[in-house]
Amino acid sequence: MPIALRDMYDLVKREFDVLAPNGSNYLAWSLDAEILFASKDLLRMIKPKDDKDKSTPAEQVMALHILRHHLSTTLKNEYMTERNPKVLWDSLHERFEKIETILLPHVKREWANSRFQDFKTVKDYNTTLYGITTRMKLCGLKLKDKDLIEKTLSTFHPKLTYISRQYKKDNYKKYVYLSNAMQQDKGEDETIMQNHLSRPTGTTATPEANATSFKNKKDIKGKGSQKDSNGMAPEANNFKKKEWKSKKKTPQGPKYGEQDQECYRCGMQGQWSRICKTPKHIVEMLMDEDVHGDSV
């Protein structure tokens, strides 16, 4: 891909936020624009050093495209007829260069109303604090580290004044060191609180999961309620065996007392010799009668 086409392709996506219609972000926008032009060796298109700086038509078109590509739709329509990138840059600068005088009172109010106690984490507080200091710097008002340290330690919650005094005794010279110390202490406090919630004061430690399951298995084995290889309890298995044996003893065919078969023990009909209930002396007497009857 040729260099010119590749550069134009890279311009399709914006490198930074567009300039708002009211110019509220002009200070940050102009800084980002100058950095982008310098990286592409096009800074002379908007800020020429002298009249000897010459540019090609392709460079002017690319510089104009960068500026318009990072303007809001409203500003694009207002400056639609402008074809010179330097004239467009100067027009925007003339229109919004005094925006700092409008932003400065608002930023000062944010600085006065910001308090450390209003944020849940040090990270959230730092995000807001650095944003305020950056906007104040763009407006020409620079804050020092001692200002940030004093602002932070003086806005602690009243119940945490003893912590604020401790940080003051450490005598931090840079705010970044104070911020790192607060984040470290915050992490340690969270660890201590989690340990306390997992096991409050006066409670015993819960047994390990593996030890509990092993103990339950031993108790079950001692009670004799373990299951066999088929997954059935011994009581159910024994019951099935007894049921099978009782079914095996029951003879197949007509009910007891209704058979035509003759008992081989006593000679009576309607019963079997193996379950014959006739007394022994009667059986012997019947056998004697049969013997005498046959002899006669």
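**Entry: two loop residues.** I went to Asn171, which lies in the loop between α9 and α10, where helices (H or I, at least four residues) and strands (E, at least two) are DSSP runs numbered from the N terminus. The phi of Asn171 is near 55°, a positive value in a residue other than glycine. Most residues other than glycine have a negative phi. Asn171 counts as partly exposed because its relative accessibility is 48%; buried means under 20% relative accessible area, exposed over 50%, and partly exposed in between, with a 1.4 Å probe and protein chains only.

I then turned to Asp41, which lies in the loop between α2 and α3 and also has a positive phi, near 55°. Asp41 counts as exposed, because its relative accessibility is 55%.

**Entry: source and conventions.** I noted that this is a predicted model, in which local features need pLDDT of at least 70 and side-chain atom pairs count only at pLDDT 80 or more, while totals for chains, interfaces and linings use all residues. Residues are numbered from 1 along each chain as its sequence is written, and side-chain values use heavy atoms, with hydrogens and water left out.

**Entry: the chain as a whole.** I found 13 helices and zero strands in the protein chain. Of its 296 residues, 23% count as buried. Among contacts (heavy atoms within 4.5 Å) between residues at least 6 apart in sequence, 50% join residues at least 24 apart.

**Entry: helix α9.** Which way do Ser164 and Arg165 face, buried or exposed? Ser164 has its place in helix α9, residues 161-170, and is buried because its relative accessible area is 5%. Leaving aside neighbours within four places in sequence, Ser164 is in contact with Leu153 and Phe156. Arg165 lies in helix α9 as well, but Arg165 is exposed, since its relative accessible area is 52%.

**Entry: the largest pocket.** I looked next at the largest pocket, whose volume is about 390 Å³. For the term I keep this: on a 1 Å grid over the protein atoms alone, a pocket is an open set of points where a 1.4 Å probe fits, with protein on both sides within 12 Å along at least five of seven lines, and lining residues have an atom within 4 Å of a point. The volume is the space filled by probe spheres set on the points, which are joined across faces, edges and corners.

The lining has 16 residues, of which Phe116, Phe156, Leu160, Ile163 and Lys186 lie nearest the centre of the pocket. Helices α9 and α10 (175-198) each supply at least two lining residues, and α10 gives the largest share, five residues. I recorded the lining as eight nonpolar, three polar and five charged residues, with Ala, Val, Leu, Ile, Met, Phe, Trp, Tyr, Cys and Pro as nonpolar, Asp, Glu, Lys and Arg as charged, and the others, Gly among them, as polar.

**Entry: the cores.** A nonpolar core is a set of buried Ala, Val, Leu, Ile, Met, Phe, Trp, Tyr and Cys residues joined through side-chain atoms within 4.5 Å. The largest has 26 residues, and those with the most contacts inside it are Leu19, Tyr26, Trp29 and Leu92. The elements that give two or more residues to this core are α2 (26-39), α3 (57-69), α5 (85-96) and α6 (99-113), and α2 gives the most, with six residues. Apart from this core lies another, of 17 residues, among them Met136, Leu153, Phe156 and Leu178.

**Entry: helices α2 and α3.** The buried residues of α2 are Tyr26, Leu27, Trp29, Ser30, Ala33, Leu36 and Phe37, and what covers them includes α3, α5, α6 and α7 (122-138). Not counting residues up to four places away in sequence, Trp29 touches residues including Phe16, Leu67, Trp89 and Leu92. In α3, I found Met62, Ala63, Leu64, Ile66, Leu67 and His69 buried. The 13 residues of α3 reach 18 Å from first C-alpha to last, close to the 18 Å expected at 1.5 Å a residue; the expected span is 1.5 Å times one less than the number of residues.
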